[in-house]
Structures are given as C-alpha cells and as structure tokens.
Amino acid sequence: MSEATVSRVLNGKPGVSQGTRDAVLTALDVLGYERPTKLRGSRGRLVGLVLPELVNPIFPAFAEVIGGALAQQGYTPVLCTRTAGGITEAEYIDLLLQQQVSGVIFAGGFYAEREADHAHYRRLEELGLPVVLINAAIEDLSFPSVACDDLVAMEQALGHVVSLGHERVGLLLGPADHVPSERKLAAARRFAERAGLELDPDLVVHSQYSLESGQAAANRLVERGATAIVCASDPLALGAIRAVRRVGLTCPGDVSVVGFDDSALMNSTDPALTTVRQPIEPMGRAAVDLLAALVDGSDVPRDELLFEPELVVRASTAAARVRAKSVAKR
C-alpha cells in the first residue's frame, strides 16, 4: 500500500475501505509496532498505575484517588505494584504495552532514583506514550509531573520543632540518590542557614523507606543526642519512635518525631503522629487531568506542578528538655 494510504489509516482519516484499514492495523500488530492511541479500540481505555509498594499506606491512598478520577473520565486503571523477587517495573511496562494502554501514571518509582535503571522510561518517551509522574524525578525525563513541595514541607517541619526549642534536630531521609530526599536535605540546609542554626552532618542519616530500616537509622540519631527527628515518611517516623522507646526514652518527652505524608491511621498511633500532610486528592486528580489531556493530543506544561503540604500537629512533638548525659552519647 502507498504511504498516503497508511498515513490515512494511522491518523484515522476517511477515504479508506474497512478491509484496507484492517490490513494496515494487522500489519502493525504483526510487525510489533504500537498502534496510535486513537486506534487502540476498547483496550485503549486502560491506564497503567504503577506503584512501588502497598505496605506504605500513602500508596493505596494515591491508588484510591487516581483510580476514582480515571473512572470518572472513562478509563480503567491497571494496578501494578513491585514486590521483592516479583515482577520488575520494566516487566510491568512490557505487560502494559501488550495491553495497549492509553497511558501510564507512576506514583513513586525508579524515576526518582539516580542510580536506578531508567531504560524503560526512555522506551516510553520514544514511543510517545502519555506518561505522568507523581513526586520528584531525575531532571532528564521529559514527562509532566505533579509533586508535593519538599521545600515547604521541610520548612514546616523544622520550623515547628525549632519553635519548640529543639537545637539538636536529626534528619531521617530516604536513600541518598532519591530525589525527594535530596530536595528535603537541601531545604533543611537553607532553613538552617537563614535561621542561623547549625545542621550537624552527624545528625543526617539515610535509610530505605521501611519501618525497620527507619528504626535502625534512627538509633544512630538517638545515640548522637538528637532531641527531635524529622523524617521523610510516616513509616520512617514510626520506626524512629520505636528506636526511641527501645533505649528507654519517651516520645515526645525525650525525643520529638515528625513524619511526612499523613497516611492512614497516623492520628491513631501511640503517640498520634505529628506529620506533614501531602495533598493527595488534588495531586492525584491533577495527574489524571494531565494524562487525559495527553491522550487527547493536547499540549500540557512540562514544568513540575508543585502542591503545598500542610503541617498537622499531634502528640509526637513537644517542647525540648535536657537529655541526661548517661543516655545521650555526644
């Protein structure tokens, strides 16, 4: 067939018989080419929703908001979550492409880790498949994204504990190559400089995003005399509270702890967790709106859309008091 005929089929133009149209689309499938979104039929109403895990309650919360927003716009989410020893993020992308999805939303993933393999993201870029990212990504990915403002979040958390008289403030962050943690650390340094405070490098530790890893990392902060610990996630904060208690101290009496996310049940922990709340609802809906616009062929801003968090003060923070030297190893 002529290039003009194939072009008319691929662009959904009239003037081509149904038999010719079917032959061109069949040839695309046989040769392994991705059909244009508008020609994918009913399966084109599928959208991949890729999450790193479901243990951290922030991700099921995002899934609920995004899934509902997709359904309202006539899309069906396909949930993909990584598990240890299970299907990888790249393998999920292969499966989603086989299902001829209209697009993919990533809520956390390897795009935020500098040392991770990003080949599957490059593949999606080359295919031109609509993709939206939630929260910070490495700089050289061109996908639109929505994110919680890490600068404001850290300023809120540090401002709160400093106002309570804490001077030895520890930071419990995610992995060193994780972009949101990089941003939080940079924000903490700027805050300390403006406030005329010292950010002790010994009171900055990195951890995997789990309660157990958070506990192990927080042990070092407690040993070094931190009277307050600002954490990069709620599970890390719960691990920090456990670390405080394991050495016979109390939270918030001896050590105040601040989380990040305000995920489910953080108002029911013991003590109820002071945390910085991510605006999940508007972030999730904005991600879906961006994806729908991309699927429709509209131009969308590639600049990151930043959403302002909110400090939620509960019972895990209190005024600083002097720690006994027998407990705090300076």
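**Figure 1. Leucine 25 lies in helix α2.** This is a predicted model. Leucine 25 has a relative accessibility of 10%. Buried means under 20%, so leucine 25 counts as buried. Valine 9 sits 16 residues away from leucine 25 in sequence. In space, the C-alpha atoms of leucine 25 and valine 9 are 8.0 Å apart.

**Figure 2. Valine 24 is also placed in helix α2, which covers residues 18-31.** Its relative accessibility is 7%, so valine 24 counts as buried. Which residues is valine 24 in contact with, leaving aside its neighbours within four places in sequence? They are Met1, Val6 and Val9. Threonine 5 lies 19 residues from valine 24 along the chain. The C-alpha atoms of valine 24 and threonine 5 are separated by 9.0 Å.

**Figure 3. Threonine 81 belongs to strand β2, residues 76-81.** Buried or exposed? Threonine 81 counts as buried because its relative accessibility is 17%, and the cut-off for buried is under 20%. Residues up to four places away in sequence are not counted in the next list. Threonine 81 touches Leu51, Leu54 and Tyr92.

**Figure 4. Strand β8, residues 228-231, is covered on both faces.** Ala228 and Val230 are buried on one side. Ile229 and Cys231 are buried on the other. In a regular strand, side chains alternate between the two faces of the sheet.

**Figure 5. Strand β8 pairs with strands β6 and β9.** Strand β6 covers residues 169-173. β6 and β8 run parallel and are joined by 4 bridges. Strand β9 covers residues 256-261. How many bridges link β8 and β9? There are 3, and this pairing is parallel too. Valine 230 has valine 258 in β9 as its bridge partner.

**Figure 6. A right-handed β-α-β unit is built from β8, helix α9 and β9.** Helix α9 covers residues 234-246. The strands of this unit, β8 and β9, are paired in the parallel sense. Within β8, Val230 and Cys231 are both buried.

**Figure 7. Leucine 291 lies in helix α10, residues 280-295.** With a relative accessibility of 1%, leucine 291 counts as buried. What does leucine 291 touch, not counting residues up to four places away in sequence? The list is Val47, Leu70, Gly103, Val104, Ile105, Pro130, Val131 and Val132. Aspartate 149 is 142 residues from leucine 291 in sequence. Their C-alpha atoms are 21 Å apart in space.

**Figure 8. The protein chain, shown for context, has 10 helices and 12 strands.** The C-alpha trace spans about 85 × 40 × 35 Å along its principal axes. The chain has 330 residues, and buried residues make up 52% of them. Consider contacts between residues at least 6 apart in sequence. Of these, 73% join residues at least 24 apart. The chain carries 32 positive and 41 negative side chains. The centres of these two sets lie 3 Å apart.

Key:
Residues are numbered from 1 along each chain as its sequence is written. This is a predicted model: local features need pLDDT of at least 70, side-chain atom pairs count only at pLDDT 80 or more; totals for chains, interfaces and linings use all residues. Side-chain values use heavy atoms; hydrogens and water are left out. Helices (H or I, at least four residues) and strands (E, at least two) are DSSP runs, numbered from the N terminus. Buried means under 20% relative accessible area, exposed over 50%, partly exposed in between (1.4 Å probe, protein chains only). Contact means heavy atoms within 4.5 Å. Lys and Arg count as positive and Asp and Glu as negative; His and the chain ends are not counted. The place of a charge is taken as NZ of Lys, CZ of Arg, CG of Asp or CD of Glu. Two strands pair if DSSP finds at least two bridges between them. A crossover is right-handed if, with the strands pointing away from the viewer, the path from the first strand over the helix to the second runs clockwise.
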